[in-house]
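I opened the model to look up helix packing and charged pairs. My entries follow.

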Amino acid sequence: MASDRELNAFLASVERRAFKQAVLLLRDDAGALDAVQEAMLRLATKYGDKPAGEWPMLFQRILQNVVRDMLRRQKVRNLWVSMWSGFRQRDGEEDAGDPLDTLEAADESNLRLSPEKLAGRDELLGIIEAEIERLPQRQREAFMMRYWEDMDTAETAAAMGCSEGSVKTHCSRATKALAAALKAKGIEL
């Protein structure tokens, strides 16, 4: 049986990667934060007494289920919003912009790089993230778990609820699509 200290350490170790994964799946920072918090809460309340070695797979499975639920709700919400949006729109209304665009890195890891390198890196990462967002949902999930979370094929298959062969197919298609999209933009990694 794991202690509360071990559970807290595990949750702290996965929070950033889980948030990034959820952002790429949901395409919404606030929703991603909610999804990660919900997944952490479910893990702590329902599976906190499980051995610590089982937590990574359980957490990924819970996070994927939370994201799927949020996507389903979002789909229904978007249907209603699109049906009624014509009544609320006013001419001349402007978008206020996103305040998150002005945030800086909390760990100051970007202070040693020159502005040119930072801008180039940020631009490249933005392009890669945009291309990952364009992938179909299952390909995105498999790609993120295998290459972002560094899970093996069996763990990814268990978390996604599919066969190992499906995970391999999704990952292969995702990497080919990403490589082709980046090559079309003149980027070769």
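I took axes as lines fitted to C-alpha atoms, for helices over the stretch in contact, with angles from 0 to 180 degrees between N-to-C directions. Helices are DSSP runs (H or I, at least four residues), numbered from the N terminus. The model is predicted: local features need pLDDT of at least 70, side-chain atom pairs count only at pLDDT 80 or more, and totals for chains, interfaces and linings use all residues. Residues are numbered from 1 along each chain as its sequence is written, and side-chain values use heavy atoms, with hydrogens and water left out.

**Helix pair.** I looked up α6 (residues 153-160) and α7 (residues 164-184): their axes come within 8 Å and cross at roughly 100 degrees. That makes α6 roughly perpendicular to α7 (65 to 115 degrees). I found T153, A154, T156, A157 and M160 of α6 meeting E164, V167, K168 and H170 of α7 (contact: heavy atoms within 4.5 Å).

**Salt bridges.** I counted a side-chain nitrogen of Lys or Arg within 4 Å of a carboxyl oxygen of Asp or Glu. The count comes to 7. K20 pairs with E129, closest N and O atoms 2.2 Å apart. K20 lies in α1 (residues 4-26) and E129 in α4 (residues 115-134), so the pair ties together parts 109 residues apart in sequence.

I then checked E131. E131 forms salt bridges with R134 at 2.8 Å and with K185 at 3.6 Å. E131 is buried at 9% relative accessible area, whereas R134 is exposed at 57% (buried under 20%, exposed over 50%, partly exposed in between; 1.4 Å probe, protein chains only). K185 is partly exposed at 48%.

Notes. Helix = DSSP H or I, 4+ residues; strand = E, 2+ residues; numbered from the N terminus. Parallel < 35°, antiparallel > 145°, perpendicular 65-115°, else oblique.
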